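Subject: Structure handover

Hello,

Here is the structure for you to look over. My notes on what turned up follow below it.

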Amino acid sequence: MAIDNSYIVALRRELHENPELGFELPRTVAIVKRELDKIGIPYTEKYGKSSIVAEMNSDKPFTIALRADMDALPIKEETGLEFASKIEGQMHACGHDAHTAILIATIKELYDMRDEIDCCVRFIFQPSEECPESGAKMMIENGVMDGVDVIVGLHVGGCESGEIGVHAGPFMAASRPFKIEFFGKSTHAATPHQGHDALAAAVRAYTLIKMMMSTELSALERYVCSIGKLNSGTAQNIIPGYAEMMGTIRTFNLDIDKFIIDRIYGIAESIEREMQVECKITTHLKSPVVYNDPHVASLVRSAAEKVVGREKTVEVEVRLGAEDFAFYGEHAPAMFLRLGAHDEARGFNCNAHNSNFMIDEDVLHLGAETFVQFVLDNMDGKNFKK
């Protein structure tokens, strides 16, 4: 099997130039639909806004699902690439452009041999992996996992270029975004006693949250609580009456997740009493722990070894990054693999969510070939008989 890598690269670059956020993906969706129309495979948009699902051999009793996410990030690109983002302040800095191109190439390969494929294959193109509102959850609520027997997804990075990374069991952390709003009373900077300083309250909350994280939890647990945004104030001579703080909690233990968010509520209540401000917290569990079913992981490993060889099919470590792919695993055995596209010596910095994110495009075909090999190896469903 040899999938045309130049096709994947060209498609990935077109998507890279046109990054879009969340559920607002008109150009991305149009590109995907254009390619699916060329292939001739039927598809639907019934599973929610900016979602596309193609399917082949729908009459077969056993169904394998393959998933790609499509959205980008609100980051200004600084790579200097000739195909850099054309949209100011938006960038594919996590590889979703590559994931989408890889899945389209997978469809192209499998659809050409559809008469030889003895199963249904459902191809899921998902919006809003990066945003607080999960596109995976939306699509599942609309029935995208109905009838699915096993699902596989991938992400670029996490190992060296040309490797396929596999891990069985808990793999990526649960994710909880949170926002705290502080409502005080603005006043002139010369008369702070006449107001209630929302910025000071936010700074106090930040300090107490950081202290709680370092003193009240076991160092043996795997967790982070990171605050990435704090906005307040309009001028140097006005005590602000409003402040907003945003952060994220990551953990492999939902009891720890509950402890942290409960303590944040407690900290907010104490600040309300001490500083005469009102605190409003908005939060939800964006995604649970990504759990790679051990049996499916072994089957993916077997497929990967046929594509890249045993020496380049590697064990990857658990990570505190999160992925809403986790929701799919609540409905069918799931596996989330890594496609190595990082090569520091050649300037391919595959560390996600940074303005200089770059991947080794030469290896993208390996992702599609692993998907195809997994389908060929498991299409009869015998490996999933109970």
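L199 counts as partly exposed, because its relative accessibility is 31%. Please keep in mind that this is a predicted model. L199 sits in helix 5, which covers residues 198-215. Together with V203 and L230, L199 makes a nonpolar surface patch of about 210 Å².

Next, the salt bridges. A search of the whole structure finds 29 of them.

E17 and K86

E17 forms a salt bridge with K86, and the closest N and O atoms are 3.7 Å apart. Which of the two ends is buried? E17 is, because its relative accessible area is 18% and the cut-off for buried is under 20%. K86 is exposed, with a relative accessible area of 60%.

E35 and K38

E35 pairs with K38 in a salt bridge, with the closest N and O atoms 3.3 Å apart. Both residues are in helix 2 (residues 26-39). They are three residues apart there, so about one helical turn separates them. E35 is buried, at a relative accessible area of 4%. K38 is exposed, at 59%.

E55 and R122

E55 forms a salt bridge with R122, and here the closest N and O atoms are 2.6 Å apart. E55 lies in strand 2 (residues 52-56) and R122 in strand 4 (residues 120-126), so the pair ties together parts that are 67 residues apart in sequence. Are these residues buried or exposed? E55 and R122 are both buried.

The network

Some salt bridges share partners. In this way R12, R13, E82, D97 and E361 are joined into one network.

Helix 8

How many of the residues in helix 8 are buried? The count is 13 of its 15, so helix 8 is mostly covered, given that buried means under 20% relative accessible area.

Best wishes

Definitions and conventions. Residues numbered from 1 in each chain as written. Predicted model: local features only at pLDDT ≥ 70, side-chain atom pairs only at ≥ 80, totals over all residues. Heavy atoms only, no water. Patch = residues over 30% accessible without salt bridge, like charges linked within 9 Å, V, L, I, M, F, W, Y side chains within 5 Å. Areas by Shrake-Rupley, 256 points an atom, 1.4 Å probe, with all protein chains shown as cover. Salt bridge = Lys/Arg side-chain N within 4 Å of Asp/Glu carboxyl O. Helix = DSSP H or I, 4+ residues; strand = E, 2+ residues; numbered from the N terminus. Buried < 20%, exposed > 50% of the residue type's maximum accessible area, 1.4 Å probe, protein only.
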